[in-house]
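I opened this entry to record what I looked up in a structure that is new to me. The notes follow the order of my reading.

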Amino acid sequence: MYGHVEKLAEEIKKGASSVEGVDVKLWQVPEILPEEVLGKMGAPPKSDVPIITPNELADADGILFGFPTRFGMMAAQFKSFLDATGGLWKTQQLAGKPAGIFYSTGSQGGGQETTPLTSITQLAHHGMIFVPIGYTFGAGMFEMEKVKGGSPYGAGTFAGDGSRFPSDLELEQAFHQGKYFAGIAKKLKSSA
């Protein structure tokens, strides 16, 4: 809504694109809130990133899902999109595909762990293979002097009241997640 997840996504795309032979696309899910509500929330205009349809997910070799958090879970816009993937679920077209998660929360207690935990159920029902980053980001995972979002589940950022954007360290973690995930997706595709 405010660009925090998009900023992480752009960095994840850079990381994934750094893996030879990997083609990366950015998409956004449809907005479900009325313009009037978005205006009252102070949401800026949407970017020109294309809107995805559920069936386009089936064409991907791997998917990193990014979303803002609302009350410790993925935002309704993203949940609504995933609710529309019933046809893919019925035919298990996403089964066996690697998937990861990244997110933005308003505060430290705003869902940095509950958001990915409550999101994994979506992946499980589709039979997707969850690829967390674990502690592969190294020392960046243990940073205590700087504010840093993210967790072993995936890259993240703290948005605060919407005015704080991802820090350099959070962007480095996003780049790492993209590169790490793309390497695993490439290995899984080549072994199929």
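Predicted model: local features only at pLDDT ≥ 70, side-chain atom pairs only at ≥ 80, totals over all residues.

**Helix 1 against helix 6**

The axes of helix 1 (residues 4-17) and helix 6 (residues 168-191) come within 7 Å of each other, and they cross at roughly 45°. That angle makes helix 1 oblique to helix 6. I noted the crossing of helix 1 past helix 6 as right-handed.

I then listed the residues in contact. Helix 1 contributes Lys7, Leu8, Glu11, Ile12, Lys14, Gly15 and Ala16, while helix 6 contributes Glu170, Leu171, Ala174, Phe175, Gln177, Gly178, Lys179 and Ala182. By class, the residues of this contact are seven nonpolar, five charged and three polar.

**Nonpolar cores**

Next I turned to the largest nonpolar core, which has 17 residues. Leu57, Phe65, Phe67, Phe78 and Met128 touch the most other members. Strand 1 (63-70), helix 3 (76-83) and strand 3 (98-105) each supply at least two residues of this core. A second, separate core has eight residues, including Leu8, Ala9, Phe102 and Ala174.

I looked up Met128 in detail. Leaving aside residues up to four places away in sequence, Met128 touches Ile63, Phe65, Leu94, Ala95, Gly96, Lys97, Pro98, Ala99 and Leu123.

**Glutamine 122**

Is Gln122 buried or exposed? Gln122 has a relative accessible area of 17%, and buried means under 20%, so I recorded Gln122 as buried. Gln122 is found in helix 5 (residues 114-125). Not counting residues up to four places away in sequence, Gln122 touches Met74, Lys79 and Leu82.

Conventions: Residues numbered from 1 in each chain as written. Heavy atoms only, no water. Axes fitted to C-alpha atoms, helices over the stretch in contact; angles between N-to-C directions. Helix = DSSP H or I, 4+ residues; strand = E, 2+ residues; numbered from the N terminus. Parallel < 35°, antiparallel > 145°, perpendicular 65-115°, else oblique. Left-handed = near helix turned anticlockwise from the far one by under 90°. Contact = heavy atoms within 4.5 Å. Nonpolar A, V, L, I, M, F, W, Y, C, P; charged D, E, K, R; others polar. Core = buried A, V, L, I, M, F, W, Y, C linked by side-chain atoms within 4.5 Å. Buried < 20%, exposed > 50% of the residue type's maximum accessible area, 1.4 Å probe, protein only.
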